[in-house]
Amino acid sequence: MSPFTPALKNSNESDVSRSAEIVRNALGSQVEPIGIVLGSGLGTFAGEIQGSKSIPYSDIPGFPVSGVKGHSGKFVGGRLAGKDVIVMQGRAHFYEGFPMRQIAFPIRTMRKLGVKKLLLTNAAGAVNLNFSKGDLMLITDHINFSFHNPLIGENDDTIGVRFPDGSRVYDQKLNELAEKVAQKSGIKTQKGVYMFMPGPVYETPAEIRMARVLGADAVGMSTFPEALAAMHCGMQTMGISYISNMGAGINPGKLDHEEVLRMDESVYDSIRSLLAGIVAEL
Amino acid sequence: MIAVRQAISEALAVIRSGYAQSPEIGLILGSGLGSLADELKPLHGIAYSSIPHFPKSTVAGHKGMLCLGKLQGADVVAMQGRFHYYEGYSMQEITFPVRVMRELGVKTLIITNACGGINPDLYPGALMLIKDHLNLMGGNPLIGPNDDSIGPRFPDMSAAYDQDLIKLAETIAVESGIELKSGVHSAVSGPYYCSRAELRMIRTMGADTVGMSTIPETIVAVHCGMRVLGISCVTDMAIPEQLHGISHEEVVSVAEKTRPKFEKLVRGIVGRLG
């Protein structure tokens, strides 16, 4: 008998393969589909997918099922801008109580489905005072301020290495491509460092000031676990934050989730054009 | 679930069954630094796998052996290989061997590691005495019920690394002609190497080095009343503006090249303590 809790097991190749098979059966075979994860308030983007088929996360073993408003919880497969895509409409968050390794599981499943390029989106609060509500920020780097991550635990070397290089998570070429697409479509973009906070509390004004001192441009409660898992299993990743609000204390007034979900149509149009434009160029 | 105190007794009984001495000096040897334990005479080695409640190390470069014997005339117990939080064990579990060493009689613990250098005065192959630390691991081993017979509920961490041991190490270094830096060691959970933005943050916070170990062991050692000396072996530079990808193999290879001066330093310290 041991006084300790058993060591963390991470998802292994066979769990991932089994779930990928179920998703493939539901969505049909795709050739190197581009993966897209839709953040809060962006779920309607799944409507842009042509010939779409879907499977709810609750039908896939090992998948975390999010209960957060604005996240519906299914994989949607189909075509966008002439390319095969697989879209996560809704995601699970650390603050919902899911272990990090479970948040990584859908990403590993996508890798098994042939996804080599992953576009992550999220709603984030601005830390950088030069940003405005409605801005789109291309993520150049991240700070994990939760101090947890999905790679803690036994490592399956067939998925990725034990000590992956965290300095190359966001693909520079994808970011350059995104900038080019944005320029062509007349969409203004920012670039910056995304700080991952565990949530679910929004940051205090003091925490926003701290985040600025520590080098963050925006804060949010997602994306980091998925981006790290994607890097670990060898995907090229890019992240787009849409600034849904200024961080606490920057402007007077309170923050609420409704504000985060309420996206101006013009902002939605910009993200839609940017995502479709990037997919078209890949 | 059994109490940690009982688990310590069970582990101790197995170690004691083949070894009668009470070493007062403990060594935890980090990645690529394990070979010093081979110098113990007569060497009494016990595989971690045969000690009750010890986890087993899964990392290349970590042997997984508790070594007992004499070094420079002093009885020592050395951990050849350690446990890491990123392996999925709890903070309590990775520090369990420290508690066992305390029961074995250890009063002075020398904790070593391989780490990344953030301060530009450091270089691959540099040795740094740990003067203080920054715990960025996301947990610590004292969270949970406290056994007051082991240590206090609220241990003082204002001088976690013993001043006299630091002075002794500095003296030995001067005598042996070894360059020795000193600074603040930070630890993250790993297993991934930090991003540039994370390294900039850690530098802003005041760290000179960053690693994935040592701090949990220091906390437990201080909690149960040991004197701690921390030695970091810088195996790569972690300066965000000059980062190139590193591999675990590189880390182990630089640690191995640094080993002769590291071993000379530790031998000298143990000799003076014994």
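1. Let's start with a pair of helices in chain B. Helix H4 (residues 163–176) of chain B packs against helix H7 (residues 248–273) of chain B at an angle of about 120°, and their axes are 9 Å apart. That angle makes H4(B) oblique to H7(B). Helices here are DSSP runs of H or I with at least four residues, strands are runs of E with at least two, and both are numbered from the N terminus. Axes are lines fitted to C-alpha atoms, for helices over the stretch in contact, and angles run from 0 to 180 degrees between N-to-C directions. Under 35 degrees counts as roughly parallel, over 145 as roughly antiparallel, 65 to 115 as roughly perpendicular, and the rest as oblique.

2. A word on the model before going on. It is a predicted one, where local features need pLDDT of at least 70 and side-chain atom pairs count only at pLDDT 80 or more, while totals for chains, interfaces and linings use all residues. Residues are numbered from 1 along each chain as its sequence is written, and chains are lettered from A and ligands numbered from 1 in the order in which they are written.

3. Back to that helix pair: which residues meet? From H4(B) come B:Leu168, B:Ala169, B:Ile172, B:Ala173 and B:Ser176, and from H7(B) come B:Lys264, B:Leu265, B:Gly268, B:Ile269 and B:Arg272. By class, the residues of this contact of H4(B) with H7(B) are six nonpolar, two polar and two charged. For the classes, Ala, Val, Leu, Ile, Met, Phe, Trp, Tyr, Cys and Pro count as nonpolar, Asp, Glu, Lys and Arg as charged, and the others, Gly among them, as polar. Two residues are in contact if their C-beta atoms, placed from the backbone, lie within 7 Å.

4. Now chain A as a whole. Chain A has seven helices and nine strands. Along the principal axes, the C-alpha atoms of chain A fill a box of roughly 55 × 50 × 30 Å.

5. On the chain A side 31 residues are in contact with 35 residues of chain B. Strand E6 (residues 136–144) of chain A gives the most to that side, with four residues. The residues on the side of chain A that touches chain B divide into 16 nonpolar, 10 polar and five charged.

6. There are cis peptide bonds to look at in both chains. One joins A:Gly199 and A:Pro200, with omega about -5°, and A:Pro200 is in the loop between strand E7 (189–196) and helix H4 (205–213) of chain A. Another joins B:Lys41 and B:Pro42, with omega about -20°; B:Pro42 lies in strand E2 (residues 41–47) of chain B.

7. Positive phi values are worth a look too. A:Phe147, a residue other than glycine, has phi near 60°; A:Phe147 sits in the loop between E6 and helix H3 (172–184) of chain A, and is partly exposed, with 14 other C-beta atoms within 10 Å. In chain B, phi of B:His53 is near 75°. B:His53 lies in the loop between E2 and strand E3 (65–71) of chain B and counts as buried, with 21 C-beta neighbours inside 10 Å.

8. Finally, A:Thr223. Where is A:Thr223? In the loop between strand E8 (218–220) and helix H5 (224–232) of chain A. A:Thr223 is buried, with 23 other C-beta atoms within 10 Å. Leaving aside neighbours within four places in sequence, A:Thr223 is in contact with A:Leu120, A:Asn122, A:Tyr194, A:Phe196 and A:Gly239. A:Thr223 and A:His93 are 130 residues apart along the chain, yet their C-alpha atoms are separated by 9.0 Å.

Methods
A residue is buried if 20 or more other C-beta atoms lie within 10 Å of its own, exposed if 12 or fewer, and partly exposed in between; C-beta atoms are placed from the backbone.
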